[in-house]
Amino acid sequence: HHLVLVGGDGWGMDEVYEQLGDAGIKNHVHFPGYVRDEQLRALFAAASVYLHPSLYDGFGLNVLEAMAAGLPVICLDLGGPPTMVDETCGQVVPAKSATQEEVIEGLYNALSRFADDRAYRQHCSKCAKVKVKSMSWRDTVADTYKEISVRALGKTPS
């Protein structure tokens, strides 16, 4: 197994490189930096799972792109990605009230499950493709207004 870290040309990457070297796994990690759309599609096609450990991502379009490519998604329960990911197409790791160590352990466990359980990974891959096809802006807006109406008015709009 190897890890491809896309993006991440910003703050903190020197520390990441150093820690990977200290852990003896730097040779198993590839850093292409920021990539163009066609390069990203090629990386998605070669991948087994998409890890999105963002502490804040208001929507997460890249999560939808990964799902469309048939990748199970691992994300944190923060921002927009967990609204798209569920147990059928990936794993949402608790982070809101977790310690840093608990988040790291949750991400490790999720990655390990996908690495060790091919049938589970294939099931989530198929479900990711199906789920993303059922998502549309029209449905998302309608569902959002329905939820607002239920909460504000206590009833479903007609």
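Tutor: In helix α4, the buried residues are V103, G106, L107, A110, S112 and F114. The model is predicted, with local features requiring pLDDT of at least 70, side-chain atom pairs counting only at pLDDT 80 or more, and totals for chains, interfaces and linings using all residues. Residues are numbered from 1 along each chain as its sequence is written, and side-chain values use heavy atoms, leaving out hydrogens and water.

Student: Why is F31 called partly exposed?

Tutor: Buried means under 20% relative accessible area, exposed over 50%, and partly exposed in between (1.4 Å probe, protein chains only). F31 has a relative accessible area of 24%, so F31 is partly exposed.

Student: What does F31 touch, not counting residues up to four places away in sequence?

Tutor: F31 touches L5, M13, Y17 and L20, where contact means heavy atoms within 4.5 Å.

Student: Against which elements do the buried residues of α4 pack?

Tutor: They pack against β3 (50–52), β4 (73–76), β5 (90–93) and α5 (118–134). Helices (H or I, at least four residues) and strands (E, at least two) are DSSP runs, numbered from the N terminus.

Student: How do you know that β3 and β4 pair?

Tutor: Two strands pair if DSSP finds at least two bridges between them. β3 and β4 have 3 bridges, in the parallel sense, and L51 has I74 in β4 as its bridge partner.

Student: What is the strand order of the open sheet, and what makes β3 and β5 edges?

Tutor: The order is β3-β4-β5, with parallel pairing. β3 and β5 each have a single partner strand, so one side of each is left without a neighbour in the sheet.
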